[in-house]
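Please look at the structure below with its sequence beside it, and take your time in turning it around. The paragraphs after it are meant to be read slowly, with each named residue found in the model along the way.

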Amino acid sequence: MFFITHRFEREMDGMREISRAYYERASEADKISIQRSFAKLDIDGNGKINLVEFKKSVSLWLSTDGVFEKLDENGDGCLDFEEFLCLYYMEEKVEIGKCSGCSELMVGPYFSCLLCLGRGADTYDLCCTCYRRRRGSSHEHSSQYMVDHHSLLMLFRHHIADDEKVRNKKEMEELRKVTKAYYRAASPQVKELAYEFFQSMDTDGDGRVDLSEFIAFMRREGYPFMQNRSFFEQLDLNSDGTLNFFEVMTLYYIIKSGRPFCDCCAKFIPGIFFSCVECFNNPNTSFHLCCDCYRMAKCNHNHDGRSQFLDNYALLQAIRDPGLAHASGANSNEACDEPTDAIVPVHHDSIVHTQNAIDPAPSDSKWVISLFLDASQNKFKTTLEALEVAVSVGNLSTTLCTIM
């Protein structure tokens, strides 16, 4: 019994450490809110919560003598503010469960039945002691489905990661469909030059671009965010370890269309992203965030206290609609006062993309983007330049020559 009690105290110490860490990192407003919660329970205002006050105010599932004794670290029969923090954590931050075998609070490691997850209060959990002693063996599901909470957490992490991979793959598939659409609408000359460009990347001539060829290409052309295995695997939609023709063309489309990497987590954004309006108005800068980083406010980006982001669809609409553009501050005329075909740099952290300013006149619109200005004199540069010239020839309205 001594060892069980001693172990439980260690587990409670861990709970107290977590609750204190939360409080120390809390904002001033949250700290005030927590202090008010303590004052609300401290009915007589003496700076401590006694057992009677505890039972009057705490949730039914926690308001027992046993729980109070476990929270009362110094054993003086009251909870001071430091001891209250653990109670606040148990009520507000997490829902501490009770063992389905002995009904004790599970403040430390425990086991859960995988098949019972999602049942709310009807989940089946066992503390380590009950699991080891096979208490609750009459449970409807076999013990093989009992998983410790560390393994359970890892399962959730993998599940979330798998969901993200599925979503990411779907968005990359959409990019490839766009690429194929451009390719199929292109002239025979453009298609031939596109294939020659693919062959120039395939330096060993095996009909595939492997990781080493991909990394060498990205390093040579100065794209540090792209020269990694993770981005290569995003492009490798069939997961065969190499890039086929349309996967390379998808890469070409990504570069030419200016698809961004998140300026916070540095991941490629194949789908919706948020752009800083202030940076968008300056042709020499850009700042983009993926949905996760924007939603979680991971990056503190502002301009003299001003901060306005629009998603890519809203930003496009702001450019098209002068009224909305004026309201959002995303007027395209501010970004480019004079129609020009001059090449201007667009910075993305350590990357410098180069793109042509687009003539706003519909009858004379061209997709002319000059890439890799410092490329060495080799087959790659020759094929790239030929492809660039071919896709930029003619009016968009008459020849359907676009970015592919």
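Predicted model: local features only at pLDDT ≥ 70, side-chain atom pairs only at ≥ 80, totals over all residues.

Residues are numbered from 1 along each chain as its sequence is written, and side-chain values use heavy atoms, with hydrogens and water left out.

We begin with a helix. Helices (H or I, at least four residues) and strands (E, at least two) are DSSP runs, numbered from the N terminus. To describe its surroundings we need words for accessibility: buried means under 20% relative accessible area, exposed over 50%, and partly exposed in between, with a 1.4 Å probe and protein chains only. Which residues of helix 2 are buried? They are K31, I34, F38 and L41. Seen down the axis of helix 2, these buried residues fall within an arc of 85 degrees, so they line one face of the helix; the arc is that of the directions from the helix axis to the C-beta atoms. An α-helix has 3.6 residues a turn, so residues three or four places apart point the same way. On the other side of helix 2, the residues E28, A29, R36 and K40 are exposed.

K31 lies over the face of Y23, at 5.6 Å from the ring centre, and K191 lies over the face of Y183, at 5.5 Å from the ring centre.

The next stop is a sheet. Two strands pair if DSSP finds at least two bridges between them. Three strands form an open, antiparallel sheet in the order 4-3-5, and its edge strands, each pairing on one side only, are strand 4 (125-127) and strand 5 (146-148). Neighbouring strands of this sheet are turned by 30 degrees against each other on average, direction ignored; the axes are lines fitted to C-alpha atoms, for helices over the stretch in contact, and angles run from 0 to 180 degrees between N-to-C directions. Strand 3 (residues 110-113) pairs with strand 5 over three bridges, and C113 stands opposite M146 in strand 5. Strand 3 also pairs with strand 4 over three bridges, where Y110 stands opposite C127.

Strand 6 and strand 7 pair over three bridges, and the bridge partner of F274 in strand 7 is L289.

We turn now to the aromatic rings. Rings of Phe, Tyr and Trp (its six-membered ring) pair if their centres lie within 6.5 Å, and planes under 30 degrees apart count as stacked, over 60 as edge-to-face and the rest as tilted. By this rule the count comes to 25 aromatic pairs. In one of them, the rings of F261 and F268 have their centres 5.3 Å apart and their planes at 55 degrees, so the pair is tilted. F261 counts as buried at 4% relative accessibility, and F268 counts as buried at 5%. Both belong to one aromatic cluster, formed by F214, F225, F231, F232, F261 and F268.

Finally, consider two loop residues. Most residues other than glycine have a negative phi. A266, in the loop between helix 11 (245-256) and strand 6 (273-276), has a positive phi near 70 degrees, and at 36% relative accessibility A266 counts as partly exposed. D304, in the loop between helix 13 (291-295) and strand 8 (309-311), has a positive phi near 55 degrees, and at 75% relative accessibility D304 counts as exposed.

Technical notes: Lys NZ or Arg CZ within 6 Å of the ring centre and 35° of its normal.
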